[in-house]
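Me: I'm new to this one. Can you put it up and walk me through it?

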Amino acid sequence: MGLYAIGDLHLSLSVNKPMDIFGEVWKDHTEKLRASFSQLRDDDTIVLCGDTSWGISLEEALEDFRFLDRLPGRKILLKGNHDYWWETAAKMNAFFAEHEIHTLQLLHNNCFYYGNYALCGTRGWFSDEETPDMAHNRKVLNREAMRLETSMKAAGGRQILCFLHYPPLYQGYACPEILELLERYPVKACYYGHLHGPSHKRAIEGMHAGVDFSLIAADYLRFQLKKICE
Ligand SMILES: [Fe+2]
Ligand SMILES: [Fe+2]
């Protein structure tokens, strides 16, 4: 039994979205992911940190869900900025059930227990002084911070592993609202995606304010799942 994480699979089995235009590393990325997942077992848990499918509806993402469902392990999904297929949890769960997809679960205003840990998270948000519509950004950021806190409260005091799509911290940027939560709750580590290609060099990894940060975007990991613990 093991806990793994990876973000930004950017699957596109039913939409024409070649990924290798983003660099040689993306060539055959679906096959690379299949190979890495195939080393897992059904009692493993994998957290997918957003940007899972290019589909713009649940129907368009269905082949990507089926691809994931056929791979070993329980997959816990959170939302990324490109997951346009994302709906209410009730709709998504009903869609999975209708299509006999049984290994995908949603991290959204909730948490999952894994051994002594609670797995918490949300998409997160990115905004800075140059963002054009600050009022809108403030609203989205506050909502994301509330979602994260709801998830952390559900942990019931357990030690938390936090999963976000957007990095709350990278070179030249910090998101105080999210970082404050990471410090106030008993968070051991924070895993995030979203940064691709040349942005990898802006990633911040390692210990900051008692939290161990890791970038787990798939291209950064060369499409190998990151093992967190047994
Ligand atoms: Fe993203
Ligand atoms: Fe991405």
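Reply: First a term: a residue is buried if 20 or more other C-beta atoms lie within 10 Å of its own, exposed if 12 or fewer, and partly exposed in between, with C-beta atoms placed from the backbone. This is a predicted model, so local features need pLDDT of at least 70 and side-chain atom pairs count only at pLDDT 80 or more, while totals for chains, interfaces and linings use all residues. Residues are numbered from 1 along each chain as its sequence is written, and chains are lettered from A and ligands numbered from 1 in the order in which they are written.

Me: What about the phi of Arg222?

Reply: Positive, about 55 degrees, although Arg222 is not a glycine. Glu100 also has a positive phi of about 55 degrees and is not a glycine. Glu100 sits in the loop between helix 3 (89-98) and strand 4. Glu100 is exposed because 8 other C-beta atoms lie within 10 Å.

Me: Switching to strands. Which way do Leu3 and Ala5 point from strand 1, and which way do Tyr4 and Ile6?

Reply: Leu3 and Ala5 point one way from strand 1 (residues 3-6), Tyr4 and Ile6 the other way, and all are buried. In general, side chains of a regular strand alternate between the two faces of the sheet.

Me: How does strand 1 pair with strand 2?

Reply: In the parallel sense, over four bridges. Two strands pair if DSSP finds at least two bridges between them. Ile6 has Leu48 as its bridge partner in strand 2. Between the two strands the chain passes through helix 1 (residues 29-37), and this β-α-β crossover is right-handed. Right-handed has a set meaning: with the strands pointing away from the viewer, the path from the first strand over the helix to the second runs clockwise.

Me: And strand 13?

Reply: Strand 13 (residues 226-229) runs antiparallel to strand 1, joined by three bridges. There, Leu3 has Cys229 as its bridge partner.

Me: What does strand 2 join on to?

Reply: Strand 2 (residues 45-48) is joined to strand 3 (residues 74-77) by four bridges, and the two run parallel. Helix 2 (residues 58-70) carries the chain from strand 2 to strand 3 in a right-handed β-α-β crossover. Strand 3 pairs in the parallel sense with strand 4 (residues 104-106) over three bridges. Ile76 stands opposite Gln105 in strand 4.

Me: Now the inside. Which residues touch the most other members of the largest nonpolar core?

Reply: Ala5, Cys49, Leu119 and Phe163, out of 54 residues in that core. Such a core is a set of buried Ala, Val, Leu, Ile, Met, Phe, Trp, Tyr and Cys residues joined through C-beta atoms within 7 Å. Strand 7 (residues 159-164) gives the largest share, five residues. Apart from this core lies another, of five residues, among them Ala61, Phe65, Trp85 and Trp86.

Me: Why does Ile216 count as buried?

Reply: Because Ile216 has 24 C-beta neighbours inside 10 Å. It is in the loop between strand 12 (211-215) and strand 13. Leaving out residues up to four places away in sequence, the residues Ile216 touches include Ala5, Cys49 and Tyr191. Contact here is C-beta atoms, placed from the backbone, within 7 Å.

Me: Last topic, helix 4. Which residues are buried there?

Reply: Leu141, Glu144, Arg147, Leu148, Ser151 and Met152. They cover an arc of only 135 degrees around the axis, which puts them on the same side of helix 4. The arc is that of the directions from the helix axis to the C-beta atoms.

Me: What do the buried residues of helix 4 pack against?

Reply: Strand 6 (117-122), strand 7 and helix 5 (176-184). The face turned away from the buried side of helix 4 carries the exposed residues Ala135, Lys139, Asn142 and Lys153.

Definitions and conventions
Contact = placed C-beta atoms within 7 Å.
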